[in-house]
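Please work through the following exercises with the sequence and the coordinates open side by side. Each task is followed by a solution that goes step by step.

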Amino acid sequence: MGFICFREIQGLIRPPRTTGLDREGDMFLRQLQVGSMAVFAYIVGDRESRSGLVIDPAAETDRIIAEAEKNGIEIQYIINTHGHVDHISGNADMKRKTGAKIIVHEADAEMLVSTPAMILSMFRAKSSPAADITVQDGDMIRVGSVNLTVLHTPGHTPGGISLYTDGYVFTGDTLFVESVGRTDLPGGSWQVMLRSIRKQLLTLPEDTVVLPGHNYGRKPTSTIGHEKRHNPFLR
Ligand SMILES: [Zn+2]
Ligand SMILES: [Zn+2]
């Protein structure tokens, strides 16, 4: 017990590695922590039509596919919240195993296919295939009756996106639980990222669940209202 208390005090409690967060109704939603970089991959699907998609299949693609199959969801799209290697490194495997189409914002499409060989080997990652579909702010990605609206949220990268559906927003490396993405990598800008967060994310309903791209916080999810009040970078 003492050990558990210590871990709580240190804020080191980690959630179960697979978290169900389903909305009432037809939407299927799973949060899976994958790989060694604490990336959150997400499966989103429509229970009725059984069509689905995966957001940032960074690693452990067999586990992601097994989770989708177990729940009768067929993965039709791979969406990358941005072009960084830690989020795209499972694209090649995922596409080969499912035939899913890769979707990325047009401004990160080049980054997707140009990760330097040295970085790929550091991450033991395969290069991503090129995007099948590029998107812009306001585009809609649909699986069955579930719609994800593309919110362009540049700043961490030029083509970073968040994805909004009633009640949930997937924020990639733009907004974390009580933190924000780094802006010191090529194409990053602190001012641009803050503007993205203020204009595109903090304007969403306060009870919208925030689903970040990494498990960096004290808990695996947050809400827009909580981040408005408690995120030290946004005060
Ligand atoms: Zn990133
Ligand atoms: Zn990342």
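The exercises below concern a predicted model, and they move from the whole chain to single residues.

**Exercise 1. Decide whether the overall dimensions of the protein agree with those of a compact globule.**

Solution. Begin with the expectation: for 235 residues, a compact globule would have a radius of gyration near 18 Å, and the protein has 17 Å, which agrees. Next, look at the extent of the C-alpha trace, which spans about 45 × 40 × 35 Å along the principal axes. Then turn to the interior, where 45% of the 235 residues count as buried. Finally, consider the contacts with a separation of 6 or more, of which 58% are accounted for by residues 24 or more positions apart. The secondary structure of the protein comprises eight helices and 15 strands.

**Exercise 2. Work out which residues of helix α2 are buried and how they are arranged around its axis.**

Solution. First list the buried residues of α2, which are Thr61, Ile64, Ile65 and Ala68. Seen down the helix axis, these residues fall within an arc of 95°, so they line one face of α2. After the helix comes Gly72, which has a positive phi near 70°.

**Exercise 3. Repeat the analysis for helix α4, residues 91-98.**

Solution. The buried residues here include Asn91, Met94 and Thr98. Their arc around the axis is only 70°, which puts them on the same side of α4. Among the elements that cover them are α2 (61-70), β5 (74-79) and β6 (101-105). Gly99 follows α4, and the phi of Gly99 is positive, near 75°.

**Exercise 4. Determine whether Arg50 and Asp56, each with a positive phi, are buried, partly exposed or exposed.**

Solution. As background, most residues other than glycine have a negative phi. Arg50, in the loop between β3 and β4, has a positive phi near 65°. Asp56, in the loop between β4 and α2, likewise has a positive phi, of about 50°, although it is not a glycine.

**Exercise 5. Describe the surroundings of His82, and state which residues it contacts beyond its neighbours within four places in sequence.**

Solution. Locate His82 in the loop between β5 and α3. Because 28 C-beta neighbours lie inside 10 Å, His82 counts as buried. With neighbours within four places in sequence left aside, the contacts of His82 are His87, Asp108, His156, Thr157, Gly159, Gly160, Gly172 and Asp173. As a further check on distance, the C-alpha atoms of His82 and Thr134 are separated by 11 Å, and these residues are 52 residues apart along the chain.

Key:
Residues are numbered from 1 along each chain as its sequence is written. Chains are lettered from A and ligands numbered from 1 in the order in which they are written. This is a predicted model: local features need pLDDT of at least 70, side-chain atom pairs count only at pLDDT 80 or more; totals for chains, interfaces and linings use all residues. A residue is buried if 20 or more other C-beta atoms lie within 10 Å of its own, exposed if 12 or fewer, and partly exposed in between; C-beta atoms are placed from the backbone. Helices (H or I, at least four residues) and strands (E, at least two) are DSSP runs, numbered from the N terminus. The arc is that of the directions from the helix axis to the C-beta atoms. Two residues are in contact if their C-beta atoms, placed from the backbone, lie within 7 Å. The radius of gyration is taken over C-alpha atoms; the globule rule is 2.2 Å times the number of residues to the power 0.38.
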